[in-house]
Amino acid sequence: MIDLIRLKGEMSLIEQENGIFPAVCPLDCPDTCGLLLHKEHGKIVKVTGNPEHPITGGAICNKVRNMTERVYHSERVLYPLKRVGAKGEGKFKRISWEEAVTEIASRYKQLITEHGPETILPYSFYGNMGILSVDGMDRRFFNRIGSTKLQQGICNAAGNAGFKYTMGFGGGTIPEDAAEAELFIVWGGNIVSTNMHMIPIIEKARKRGAKLVVIDVHRNRTGDRADWFIPLYPGTDAALALGMMHVLFDRELVNEAFLARYTVGHEELREHVWEYTPELVASITGVPAEDIVKLAMMYGETSPAYIHIGNGLQHHDNGGMTVRTITCLPALTGQWLVKGGGAFKSNGPYGKVNSEALEQPGLRPNPEARSVSMNQLGDVLLQLDPPIHALFVYCANPAVVAPETGKVEQGLLREDLFTVVHDLFITDTAKYADIVLPATSTFENTDLYTSYWHTYVQLQEPVIPAVGESKSNVDTFKLLAKAMGFEDEAFQETEPEMIQAALQAEDNPYLKGVTYEALKDRRFVQLNVEERVHYLDRLTTPSGKIELFSAKLAEAGLPPLPTYVPLHEGYDGQRRPDQEAAYPLMFISPPNHSFLNSTFANVPKLMSLEKGPTLQIHPEDAQLRGINDDDEVTVWNDRGSYVVKAVVADKMLPGTVVSQGLWWEGGRGRQRANALTPSRLADMGGGATFFSTVVDVKRN
Ligand code: SF4
């Protein structure tokens, strides 16, 4: 309890030169760990997991154990900078905050006069998950301006929309309950690298006999641990789930009482899935028919049976329908009622704060302002009419992370585009900026964190002073608001006041009892999870039940019943291309172990652990192309190309290649995986379709 005792002292955490202080991991990771920062002579010298945090349990990933390298990185931006070279060249000169803010405000005022406020576009995502950092003063500022709105569909949008069509409410099984499962199906997620605290939960259950089944297009670190790894063709997961449903109905493994009480559409679904025989599904997915039967029977006969729906399978043309379909499985078996059963996609809705109080949409002079998808930034910058003339990027690095980065770069090169980037580094995006503003790291900020997996809300208070002249997002947007002449009270609020407003969410019973004072005292406070007993009685679908048949989907022009819809760009087992096809391989670009999107891809230790960008290719595909392990190869399609090292590996079905991790151009290689990925939107939620991509590969 050393940290908490110190907290109750008179001095702020910043003022205390030595000691161990609590913090929160800010990364876009479901685990949202409680951290301990070890300070000596005013500097953080070590980052460890908080042993008192019930989910963290003292363990953190290697990425964040090396966080001090990022915080004290020699290339951190310390002062505001103004571009002096060509766009993309990365040449800047130091200026003062006053000069920077004055220039931004005067350019914005001029652009608003000439083109209207929608000529300004904010571009942000969750490079820092702090609620004040990305959903607070920034939103107020751009609302007050009346900027074009940004649809933030790059990550979970399709899957969350699919889950909601089925369940209404977005939350699912919480980790403490999942611990009771006898069967864990991890579907489309490499949780060893992206949700590591789920692993001890599974391993503890396995010691008493529980089984781990991993379904994925790529045998990654999680697949390597499985009792049973099931590989399939990319984008065919919904077909596999429908084949399982066929077997569940056929073998009378469904829970009729649950179906009658809690669902609508079960009779239509029963009829519908007859066509998805194991043989048909095998021909689509590449999973043998006997394995489909075995998997369905294992699922139907094991209780509690828990499904962990990963992020990967939603990044397809059919991503929303895929998640919707998998979400129906626990309804067929009644597992939503069993502690430890059900499914997890995102538990973010349990901790939903009062976003209206935070973002203050009422400040907006033009509520009907246009909105654009962050997945289509290239087209937005190149084609939108009337055009965007000012781009403000923060907590994001779209030159590396957005789809079709070739177009994004072309857009960023526009001479008539005024670009501001607020970041800790000269990222590949910042190289195109007219003004770069230095951003604080999370350990220099006050912020509020919820998790989209576990149920603890956490408070971060600054542990070290701002490095250089860096400023938090809250302070930056307050300064800009002042320079713009905005006198609204919204821009006077302090961080504690914003946190208090965020936690006053009358419509969220799970937040009852979570207050700023309690957080200040205890650092992390659990949501009111007792409310989950009412879970199935509070579904917010139009029928109030689990919608196996969704009239809303039909209204949206999508199949009302769970359905396998082939990809626009890609192949399933029935549509295998011959080798004469222009692009006969499917290209999947999931995260690697040491980076988080493009974060950490400039930290030397983590870069060296990853060794460099690679492309995993099946031995059959490699042999056809004369490719050997460690050969330099070019991967290309109509959108672009890049050069990587080949790894010949039997880790996916033939016809699929895998490139893990997003490397900066300034990193070890010039890999730009997203030069190849499409900016098409998924079937639901405006989601991204990174993995519905075809390519070819040749040895250099
Ligand atoms: S990235 Fe995830 S696992 Fe690693 S410290 Fe942060 S929250 Fe924990």
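Trainee: How many helices and strands does the secondary structure of the protein come to?

Mentor: The model is a predicted one. Its C-alpha atoms fill a box of roughly 70 × 60 × 50 Å along the principal axes. Within the protein, the secondary structure comes to 27 helices and 27 strands.

Trainee: What radius of gyration does the protein have, beside what the globule rule gives for 700 residues?

Mentor: For 700 residues the globule rule gives 27 Å, and the value for the protein is close to this, so the protein is as compact as a globular protein of that length. The radius of gyration of the protein is 25 Å.

Trainee: What percentage of the residues in the protein is buried?

Mentor: A residue counts as buried when its relative accessible area is under 20%. The accessible surface of the protein comes to about 25400 Å², and 50% of this belongs to carbon and sulfur atoms. Of the 700 residues, the buried share is 64%.

Trainee: Where is G685 found, and which residues beyond its neighbours within four places in sequence does it contact?

Mentor: G685 is found in the loop between β26 and β27. Its relative accessible area is 52%, over the 50% limit, so G685 is exposed. Leaving aside neighbours within four places in sequence, the contacts of G685 are A157 and A161.

Trainee: What distance separates the C-alpha atoms of K164 and D416?

Mentor: K164 has its place in helix α7, residues 157-167, and at 45% relative accessibility it counts as partly exposed. Beyond its neighbours within four places in sequence, K164 is in contact with G170 and T541. D416 is 252 residues from K164 along the chain, and the C-alpha atoms of the two are separated by 41 Å.

Trainee: How far apart are the mean positions of the positive and negative charges of the protein?

Mentor: The protein has 68 positive and 87 negative charges. Salt bridges in the protein number 35, and one network of them links D135, D138, R139 and E359. The mean positions of the positive and negative charges are apart by 4 Å.

Trainee: Which residue meets K651 in a salt bridge, and how many residues apart are the two?

Mentor: The side chains of K651 and its partner D224 meet at 3.7 Å, N to O. K651 lies in the loop between β25 (640-648) and β26 (656-658), while D224 lies in helix α11 (residues 221-225). Both are partly exposed, K651 at 23% and D224 at 45%. The partner of K651 is thus D224, at a sequence distance of 427 residues.

Trainee: Are E409 and R672, which form a salt bridge, buried or exposed?

Mentor: The closest N and O atoms of E409 and R672 are 3.1 Å apart. E409 lies in helix α21 (residues 405-412) and R672 in the loop between β26 and β27 (694-699), so the pair ties together parts that are 263 residues apart in sequence. The relative accessible area is 16% for E409 and 5% for R672. With both values under 20%, E409 and R672 are buried.

Trainee: What is the phi of R523, and with which residue does R523 form a salt bridge?

Mentor: Most residues other than glycine have a negative phi. R523, found in the loop between α24 and β20, has a positive phi near 75°. R523 is buried at 5% relative accessibility, and E461 is buried at 12%. The closest N and O atoms of the salt bridge are 3.0 Å apart, and the partner of R523 is E461.

Trainee: Which residues does a cis peptide bond join, with omega about -5°?

Mentor: Most peptide bonds are trans. P304 is placed in the loop between α16 (289-301) and β12 (305-309), and P386 in the loop between α19 (377-383) and β15 (390-394). The cis bonds join S303 to P304 and D385 to P386.

How values were computed:
Residues are numbered from 1 along each chain as its sequence is written. This is a predicted model: local features need pLDDT of at least 70, side-chain atom pairs count only at pLDDT 80 or more; totals for chains, interfaces and linings use all residues. Side-chain values use heavy atoms; hydrogens and water are left out. The radius of gyration is taken over C-alpha atoms; the globule rule is 2.2 Å times the number of residues to the power 0.38. Buried means under 20% relative accessible area, exposed over 50%, partly exposed in between (1.4 Å probe, protein chains only). Accessible areas come from the Shrake-Rupley method with a 1.4 Å probe; for residues, only the protein chains shown count as cover. Lys and Arg count as positive and Asp and Glu as negative; His and the chain ends are not counted. The place of a charge is taken as NZ of Lys, CZ of Arg, CG of Asp or CD of Glu. A salt bridge is a side-chain nitrogen of Lys or Arg within 4 Å of a carboxyl oxygen of Asp or Glu. Contact means heavy atoms within 4.5 Å.
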